[in-house]
Amino acid sequence: MKKSPKGNYPFIEYNGKPYSDTNLIMRFLAKEFQSADLDAHLSKEQKSQSVAFSWMFEEVLMWCLICLGMHDFEKFSKELDNPRHGLLFKLFLNVYIKRLIYRSNTTKLYYQGFGRFTHDEVMSILYECFEAAAVQLGEKEYLFGEKFALADVPLFTILFYAYAFPSLGYTKLINERYPALAAYAMRNRRRLFPQFELENST
């Protein structure tokens, strides 16, 4: 996957200028094209909350999951295995790719800050983020009511990621402690990506 000039992804180019980071891309598109503003239906107060939740999901919750994945890298790396892979690719995957993923992510985590936290400290932050999301969601269809908002983008993305690696225990954690988030993830998976199945067992 091609990276932006800043070395990150996702990114887009518009009129020859690159824009990277999901939140920044979405806000640029909302400003440039009014029809792309997912928060247009929100009140001023709700828009402020949407901004706060969006950044919490992307810059705190996502880093928690990445950090925990590196803490238990043996389980995380097994999720990358596929019985359909050929012998040479499996060798390349285990000798090079997995090491590269681990080294790259642990370096990023150290400088980002989460890599200096203990496992228990990261888990406590994870619980706080999931609890905040669950309380905000409540029994609503989406975080701010009946319509999809900008903050729903990173939340669904993160939940999709969490369910994609069931051996790490995120599936059981979300299903047991945050059933509203589990229902939200399954509901939106069916609407947005019906071709994909998410692990919903405990």
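The paragraphs below cover the salt bridges and then the nonpolar core.

A word on the source: this is a predicted model, in which local features need pLDDT of at least 70 and side-chain atom pairs count only at pLDDT 80 or more, while totals for chains, interfaces and linings use all residues. Residues are numbered from 1 along each chain as its sequence is written, and side-chain values use heavy atoms, with hydrogens and water left out.

Searching the whole structure turns up two salt bridges (a side-chain nitrogen of Lys or Arg within 4 Å of a carboxyl oxygen of Asp or Glu). In one, Arg187 pairs with Glu141 at 3.5 Å, N to O. This pair links distant parts of the chain, 46 residues apart: Arg187 lies in helix α8 (residues 179-192), and Glu141 in the loop between α5 (119-137) and α6 (152-164). Helices here are DSSP runs (H or I, at least four residues), numbered from the N terminus. Arg187 counts as buried, at 18% relative accessibility (buried means under 20% relative accessible area, exposed over 50%, partly exposed in between, with a 1.4 Å probe and protein chains only).

Glu141 also meets Arg191, at 2.1 Å, N to O. Arg191 is in helix α8 too, 50 residues from Glu141, and is partly exposed at 44%.

The largest nonpolar core has 48 residues (buried Ala, Val, Leu, Ile, Met, Phe, Trp, Tyr and Cys residues joined through side-chain atoms within 4.5 Å). Phe57, Leu126, Phe130 and Leu181 have the most contacts inside this core. Helices α2 (44-71), α5, α6, α7 (170-177) and α8 each give two or more residues to the core, and α2 supplies the largest share, 12 residues. Leu126 touches Leu61, Cys64, Leu65, Leu68 and Leu173, leaving aside residues up to four places away in sequence; contact means heavy atoms within 4.5 Å.
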